[in-house]
Each structure stands twice: as C-alpha cells, then as structure tokens.
Amino acid sequence: MKIFITGVAGFIGSNLAKKLLSLGHEIYGIDNLNYGFERNIEELKSNPKFKFIYGDIGNPMVIKDYKADIIVHLASQKIPRYSNALRVIDENYLMLKNVVNKCIIDKSKIVFASTSDVYGKNTNVPFSEDSDLLLGPPQIKRWAYALSKIYGEQFIMANNDEYGLPFTIVRFFGSYGPNQNLTWWGGPQSVFINQAFKKEPIEIHGDGKQTRTFTYIDDTIEALAMCVLSEKANGEIFNIATNPDEEIAIVDLAKIIWQLINGEKDIPKFNFIPYSTFGRYEDVPRRVPNINKIKKVLNFEPKIKLKDGLIKTIEWQKKIMTV
Ligand SMILES: NC(=O)c1ccc[n+]([C@@H]2O[C@H](COP(=O)([O-])OP(=O)(O)OC[C@H]3O[C@@H](n4cnc5c(N)ncnc54)[C@H](O)[C@@H]3O)[C@@H](O)[C@H]2O)c1
C-alpha cells in the first residue's frame, strides 16, 4: 500500500515509517522539521520506497500531488506550555482540514493521532474509549491541546457522516524510546535522562505524585501499525498504551531513571517546580488507560515493561547526547 505520514521526522512518525517500510509498504512522509529531526529519517532515505517531502501541511499545495491509500496524520502542535495556545488551536485545525480534504478527494483513509489528554480531569480511571472527556476552563491554556484533538476527532466523525470519510482515531498514552525529542516536548522521561546523566537535580512539576502510564515505542508502533493496516480498525477509536498496571508516579519514574544511570545506591536530588510558575495551570492527577478494546479487536498485547524500555531508551539517548 501507499501510506502518507505527516510528521514523519518526529518521534512516532519516524518509527512508524521504519516499521511500515519493513513490511514492504511505500511511504511518503512530510515534515517541516520544526520539532522533528533529519537524523530520525536518515537511514530511511536510502530505501527507494521512502520519499521525504520537506514542507508545511498548513499549505494544501504541498500534499496535492501525493495520492495514498491511507494518510496517518501525526503532525501536531502540543501542550501550549511548550508552544502557544493560538498555534495549537490554529495549526492543528488547519493541518487536519487540509489532510481531511485530501482524503475525501482521493478516497483515502485517515488515521488521526489524538491523545490521552482528551480525558482531561476525568478522575474515573482507567479511561476507556467511551469515557467522558472532561476539560477545565478556557482561561487555562493547557486545555487548548486536548481541545484541538477533541475538535479533530469530532471533525473526522462529522466528515465520515457527511462524506463517508474512512477513519481510525488513536489516543496515545505517553510513548517513549529512540527518536524521542530530548526536551519537555518529548515528555518527562527525556528530560529526566538528560538531568540524570549530568547529575543535575531532576525537575519535577508539582509534587510529582501525579501518575502516568508510559508505553515503549515498539509497543506503540505495533498497535499503531495494526490500526493503520487492519480493516477491523476502521471507524473506531483506540487507546494505544501499555497495561494499566504500569501506572507510575512521576517522582518514582525520575528515581528509576536516576538509579539506572547512576547506580542503585545513588540518591537523586529533585527540584520541585510549583505549578504556579506556569501561570494558571491544572494538571491531570492520574492517567491510566483501559486497553481492553484494542486487545480484543486487534489482538494487541504490549510486551515491553517500563524498566526494560527505559534501559533501551537510556542507551539510545546516551549515544545522541555524545554525538
Ligand atoms: N509521543 C506521545 O507520547 C504522544 C502522546 C499523545 C499524543 N501524541 C500525538 O501523536 C502525534 C505524534 O507525536 P510525536 O511525539 O511523534 O510528536 P513529534 O513532535 O515528535 O512529531 C510531530 C512532527 O510533526 C512535525 N510538524 C508539526 N507541524 C507541522 C507542519 N505544520 N507541517 C509539517 N510538519 C509538521 C514536527 O516537525 C514533528 O517532526 C502528535 O499528533 C501528538 O499530538 C503523541
């Protein structure tokens, strides 16, 4: 199949392209390299089935000439703390509109990258795909990201109703591993690994008791590839995550990373940053996935335990940091 990936030089895009090429598919990938890196796709460029397009999906002309069976739309602005709310709302909408229009013209399926952040302040964990999406007030900029993704999900479903747009929506829960962005853009684990190598105090937002469930990239990609390729995924929303019993407090994640790098006897130092530093802010206290649906419909089973995934990620990040 011909598969178009937006955000191909990013973390998930580059790993997905590698996987789909290994299965023999032809890949067009676009990226404006704002947050992605050429190093992530360097080894793919020698594959004749891979074509990289340097450009911005905000401009529909850039993708006009590439017809694919499926467009996997990963390019995105993320949490406004690391970008800004207007860009998140505006660019996420514009990119999606261009991609959806292209899919309707070409009769392609869209696979849309949504996020676990859409469950927002819902305290009823674990979150399944039909759980309530509960955001805080608009004065809190952080919700702009979740809002843009909820809008995207609704926009896709409305286009399915009106024009029969084939789709699959995936909601990722904190993925990590090789090719991740090394700043907060890539998640806390990237920053913690950096700080642990430098033996600097680890920066914890709030009291660190907030929990997350981290998914190693190989598991993320296996599930995502199933969502892209299987007809059983059509018209569905799936959480893509590891098992819920991998839930971990951020401060404990920091401790594990520190000790994997500096030895079990070394005591990490923490720098707790109060939420008030970010202006008016709300965090998500617990983020735990229910993955029964993807297990049942697509036979997905996560394989990599957190500690094993962190060891592989640390090895990769060490190499990148010393280049
Ligand atoms: N990584 C995660 O754990 C996670 C969790 C939840 C949701 N998601 C979603 O999954 C998707 C992929 O995430 P990721 O971690 O790989 O992000 P990433 O930032 O590493 O990759 C996204 C890529 O899109 C590119 N891009 C952004 N705007 C663009 C534009 N206008 N034109 C062309 N390229 C553009 C960036 O340069 C980047 O390379 C995103 O939609 C994100 O919201 C990811």
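**Note on the predicted model**

1. The protein has 8 helices and 13 strands. Its radius of gyration is 19 Å, close to the 20 Å that the globule rule gives for 323 residues, so the protein is as compact as a globular protein of that length. The C-alpha trace spans about 60 × 45 × 40 Å along the principal axes. The coordinates come from a predicted model, and the points below should be read with that in mind.

2. The ligand is surrounded by 28 residues, and the closest of them are Gly7, Gly10, Ile12, Gly36 and Ser76. By class, this shell divides into 12 nonpolar, 12 polar and 4 charged residues. Helix 1 (11-22), strand 2 (26-31), helix 2 (85-106) and strand 5 (109-115) each supply at least two residues of the shell, and helix 1 gives the most, with 3 residues.

3. Helix 2, one of the elements that supply the ligand shell, also packs on helix 3 (residues 143-163), with the two axes coming within 9 Å and crossing at roughly 20°. Because angles under 35 degrees count as roughly parallel, helix 2 is roughly parallel to helix 3. The crossing of helix 2 and helix 3 is right-handed. On the side of helix 2 the contact is made by Ala85, Val88, Ile89, Asn92, Tyr93, Leu96, Val100 and Ile104, and on the side of helix 3 by Ala144, Tyr145, Ser148, Tyr151, Gly152, Phe155, Ile156, Asn159 and Tyr163. By class, the contact of helix 2 with helix 3 has 13 nonpolar, 4 polar and no charged residues.

4. The residues in the contact of helix 4 with helix 8 comprise 4 nonpolar, 3 polar and 1 charged.

5. Helix 8 also takes part in a contact with helix 6 (residues 250-262), where the axes come within 11 Å and cross at roughly 55°. With that angle, helix 6 is oblique to helix 8, and the crossing is right-handed. Ile256, Ile257, Leu260 and Ile261 in helix 6 meet Lys307, Leu310, Ile311 and Ile314 in helix 8. By class, the contact of helix 6 with helix 8 has 7 nonpolar, no polar and 1 charged residues.

6. Two backbone features deserve a look in the model. Most residues other than glycine have a negative phi, and most peptide bonds are trans. Against that background, a cis peptide bond joins Val125 and Pro126, with omega about -5°, and Pro126 lies in the loop between strand 5 and helix 3. Asn179, although not a glycine, has a positive phi of about 80°, and this residue is found in the loop between strand 7 (175-176) and helix 4.

Methods:
Residues are numbered from 1 along each chain as its sequence is written. This is a predicted model: local features need pLDDT of at least 70, side-chain atom pairs count only at pLDDT 80 or more; totals for chains, interfaces and linings use all residues. A residue is near a molecule or strand if its C-beta atom, placed from the backbone, lies within 6 Å of it. Helices (H or I, at least four residues) and strands (E, at least two) are DSSP runs, numbered from the N terminus. Ala, Val, Leu, Ile, Met, Phe, Trp, Tyr, Cys and Pro count as nonpolar, Asp, Glu, Lys and Arg as charged, and the others, Gly among them, as polar. Axes are lines fitted to C-alpha atoms, for helices over the stretch in contact, and angles run from 0 to 180 degrees between N-to-C directions. Angles under 35 degrees count as roughly parallel, over 145 as roughly antiparallel, 65 to 115 as roughly perpendicular and the rest as oblique. A crossing is left-handed if the near helix is turned anticlockwise from the far one by less than a right angle, and right-handed if clockwise. Two residues are in contact if their C-beta atoms, placed from the backbone, lie within 7 Å. The radius of gyration is taken over C-alpha atoms; the globule rule is 2.2 Å times the number of residues to the power 0.38.
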